[in-house]
Amino acid sequence: MALVYDFDGTLSPGNMQEFGFIQAIEQDASNFWKRSDEIAIGQDASNILAYMKLMFDEAHRKNIPLRRKDFRRFGAKIELFPGVREWFSLVNEYGKQKGVVVEHYINSSGLAEMIEGTPIAKEFKRIFACSFLYNDKGEAEWPGVAVDYTAKTQFLFKINKGILSIRDNKLVNESMGEDKKRVPWSNMIYFGDGETDVPCMKIVKMFGGWSIAVYNPEKPSKIVTAKKLLKQDRVNYISPTDYTESGRTFTLVKAIIDKIIADENLKRL
């Protein structure tokens, strides 16, 4: 089965650029995102490409190199919610006890290079996220992948079919029998924190999988958003961003694994 996670607001309490990069360019977060929005609105452009350009421009203005190792250095400073570091081994071990192979994936509009710098990067089978193209000096020079809220849905179909290439646009669109697909929709759990995750949440739920809207209990607006998603039938469950062994989120995932096993046993009978 596959557990698929948004990143910012889902595994981390803020936008990843706010943990090191924005400080390095000597700006505050609200000003950075205001300027990013102004670029997108002024040019009627993608919010994702706008923030990537602003990162690029501001780094060059401050003579800050943007190589993969630099992004990963910023990524190492990203804060994580309680229990996230131990979460993967907890879920993997429970799955192993039940005879289930658990895989973890990132599906994010953040930067893959920064996520690769976090201590949990090794836990993911694939990180689907934005990234840059690099010149022969290893320096970022152009956006390579931009993942907005609708583009994120393509990666769900790739996980479903067992396709790990971001570039592929052929295999993902080929017809494939349900019994040939690597991860059935019913064996997929999607974790997200906001309305930009709605297309992914809806697709996973619609095809028989499980969508969980997580919320930071310290932010009332996040609680309101999660409750709204549940009321609108966009998700199956809501749960706080507590990934510890005693938290509700782990209890939910264990119950879903048990349900998947029971359904599979009934199908075989």
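Biologist: Where is E26 placed?

Modeller: E26 lies in the loop between helix 1 (21–24) and helix 2 (29–43), where helices are DSSP runs of H or I with at least four residues, strands are DSSP runs of E with at least two, and both are numbered from the N terminus. The model is predicted, so local features need pLDDT of at least 70, side-chain atom pairs count only at pLDDT 80 or more, and totals for chains, interfaces and linings use all residues. Residues are numbered from 1 along each chain as its sequence is written, and side-chain values use heavy atoms, with hydrogens and water left out.

Biologist: Why does E26 count as exposed?

Modeller: Exposed means over 50% relative accessible area, buried under 20%, and partly exposed in between (1.4 Å probe, protein chains only); E26 is at 61%, and therefore counts as exposed.

Biologist: What is said of the phi of N63, and where is N63 found?

Modeller: N63 has a positive phi of about 60 degrees, although it is not a glycine, and is found in the loop between helix 3 (47–61) and helix 4 (68–75). With a relative accessible area of 69%, N63 is exposed.

Biologist: What makes the span of helix 10 close to the expected one?

Modeller: The expected span is 1.5 Å times one less than the number of residues; helix 10 (residues 248–268) has 21 residues and reaches 30 Å from its first C-alpha to its last, close to the 30 Å expected.

Biologist: How do you know that the buried residues of helix 10 line one face?

Modeller: The buried residues are T249, F250, L252, V253, I256, I257 and I260. Seen down the axis of helix 10, they fall within an arc (that of the directions from the helix axis to the C-beta atoms) of 160 degrees, so they line one face of the helix.
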